[in-house]
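Colleague: I have a model open and would like to learn how to read it. Could we go through it feature by feature?

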Amino acid sequence: MFGSSGIRGVANSEITPMFALDFGLAVGSLYPEVMIGHDPRVPGEMIEHAVVAGLLSAGSKVVKAGMVPTPTLAIASRDYGCGIMITASHNPARYIGMKVFKDGMSFDTRQQEEIEDILKNGSFSYAGWEKTGGLSTVNSALEEHSGSILRNVSSAGLKVVVDCGCGAASVLTPYILKEMGCEVITLNSQPDGRFPGREPEPVDETLGVLKNTVNATGADLGIAHDGDADRMMAVDDKGRFIGGDKMLAFFAAREAKKAIAVPVDTSRVIDDILDGVKISRTKVGDVYVAQELKKIGGEFGGEPSGAWIFPKISLCPDGIYAAARLVELVEKEGTFSKLLDSIPEYPVKRKAFPCQDKNTAMAKIAGELGKLGDVNTLDGVRVDLDDGWILVRPSGTEPKIRITVESANKCDELFNKASEIVRRAIP
Ligand code: MG
């Protein structure tokens, strides 16, 4: 049920109130105190109410945080046994889902399996009528989060365009940047679960208005969030969308001291610009990056998708702190585009191949790639070569095998080699 970032599906067909009720019962059977919040999605309150009914039925004490960003809920729920966020992150508006947190970090595999087992077996712990739970509301989660961010950044007098995508960041990022001293121009910063301004995923194709507005207003930079604000992507002062690998390298170069964690599909740029820093590579998914950071005590972790983790704030990716930190860094160091141009960028090629029997194909591919060099089989198969690397992964959700190739000067050659290996392995 749990994917790499919680449970997600189309509202009222895949994720129904009946499922949400069972989900609440399952979580409530294990956790006596739970904080719950939701992003602005239209079905959010419907699903939240069903989850709450399940939690109360199991006897949990439930505290509602209201409409908040995911990183805000993750931080505020540290005071309770468990936090549940009703969100579908960057998915289109028809989706809804749940992310679950303990101690500010996404549930690990073992914690997820405990919930799944109860759901599968229907082994819910119903409370006696006199022991059913109580419900209360707190209004301090946003203040707690913004307070912790503002204590950690210095003031900045930049002109910043913020595109919240009508998501949960609308209630925090513009206010925090203003508090820091910035001149803030907002786009799509009224929460609206239909996402009328743009699709919730902050990628180059969805951020045309942000890029144009940065250019038209002569802003120092632009900021964009996904629907629940655990992600942040940026546009420089020339109106250029900054790719995830470059953004990751930008933060890593400034945050890393001893150790960082990144997923296995991250660019080699990171290895080339960091000196004396241990780089741990993990499975793809921000929850794996967070788990590794906890284990190694790293200072920073991230995913090229726009999830940036700063353990001194929390182990949940925090797009809002990332925005404040980025603004602080640009204020201190000068023109954003110039800072970015000093980071190298290597050509990358990606392609997905349709494949029904992924396991058989992957076994053949692993054997072939093993002949080229040392392989890493953490998530799919990655082979590192002198002039680049190849990663072949089975898709977690679709009947497809994906290849990623990065090389400074032999990208086409390696890509053709990898494509040939994958094509031969698919029956
Ligand atoms: Mg998200």
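**Reading the model**

Modeller: Start with Asp-103, which is placed in the loop between β5 (95-102) and β6 (105-106). Helices (H or I, at least four residues) and strands (E, at least two) are DSSP runs, numbered from the N terminus. Residues are numbered from 1 along each chain as its sequence is written, and side-chain values use heavy atoms, with hydrogens and water left out. This is a predicted model, in which local features need pLDDT of at least 70 and side-chain atom pairs count only at pLDDT 80 or more, while totals for chains, interfaces and linings use all residues.

Colleague: What is the phi of Asp-103?

Modeller: Phi of Asp-103 is near 50°, a positive value in a residue other than glycine. Asn-12 has a positive phi too, near 70°, and belongs to the loop between β1 (7-10) and α1 (17-30).

Colleague: Is Asp-103 buried or exposed?

Modeller: The rule uses relative accessible area: buried is under 20%, exposed is over 50%, and partly exposed lies in between (1.4 Å probe, protein chains only). Asp-103 has 52% relative accessibility, so Asp-103 counts as exposed. Asn-12, with a relative accessible area of 51%, is exposed.

Colleague: How many disulfides are there?

Modeller: A disulfide is a covalent bond between the sulfur atoms of two cysteines. The test is a pair of cysteine sulfur atoms within 2.5 Å. A search of the whole structure gives 0 disulfides.

Colleague: Which residues coordinate the magnesium ion?

Modeller: Donors are N, O and S atoms within 2.8 Å of the metal (3.2 Å for Na, K and Ca); water is not among the atoms, so sites may look incomplete. Here the donors are Ser-89 (OG), Asp-226 (OD), Asp-228 (OD) and Asp-230 (OD), at 2.0 to 2.1 Å. Along the sequence they follow the spacing S-x136-D-x1-D-x1-D. Asp-226 is buried, with 0% relative accessible area, and Asp-228 is buried at 0% as well.

Colleague: Which way do the residues of strand β14 point?

Modeller: In a regular strand the side chains alternate between the two faces of the sheet. In β14 (residues 300-303), Phe-300 and Gly-302 point one way, Gly-301 and Glu-303 point the other way, and all are buried.

Colleague: What does β14 pair with?

Modeller: Two strands pair if DSSP finds at least two bridges between them. Strand β12 (residues 259-263) runs parallel to β14 and is joined to it by 2 bridges, with Ile-260 opposite Phe-300. Strand β15 (residues 307-309) is antiparallel to β14, over 3 bridges, and Ala-307 in β15 is the bridge partner of Glu-303. The hairpin of β14 and β15 has 3 residues between the strands, and Gly-306 takes a positive phi near 115° there.

Colleague: How many aromatic pairs are there?

Modeller: Rings of Phe, Tyr and Trp (its six-membered ring) pair if their centres lie within 6.5 Å; planes under 30 degrees apart count as stacked, over 60 as edge-to-face and the rest as tilted. By this rule there are 10 aromatic pairs. One of them, Phe-251 with Phe-310, is edge-to-face, at 5.5 Å centre to centre and 85° between the planes. Phe-251 lies in helix α8 (residues 244-255) and Phe-310 in the loop between β15 and α11 (319-333), so this pair ties together parts 59 residues apart in sequence. Phe-310 also forms an edge-to-face pair with Tyr-321, at 4.8 Å centre to centre and 80° between the planes. Ring pairs link Phe-250, Phe-251, Phe-300, Trp-308, Phe-310, Tyr-321 and Phe-336 into a cluster. Within it, Phe-251 is buried at 0% relative accessible area, Phe-310 at 2% and Tyr-321 at 0%.

Colleague: Where does the charged end of Arg-382 sit?

Modeller: A charge sits over a ring if NZ of Lys or CZ of Arg is within 6 Å of the ring centre and within 35 degrees of the ring normal. The charged end of Arg-382 is over the ring of Trp-389, 4.0 Å from its centre. Arg-254 lies over the face of Phe-250, 3.8 Å from the ring centre.
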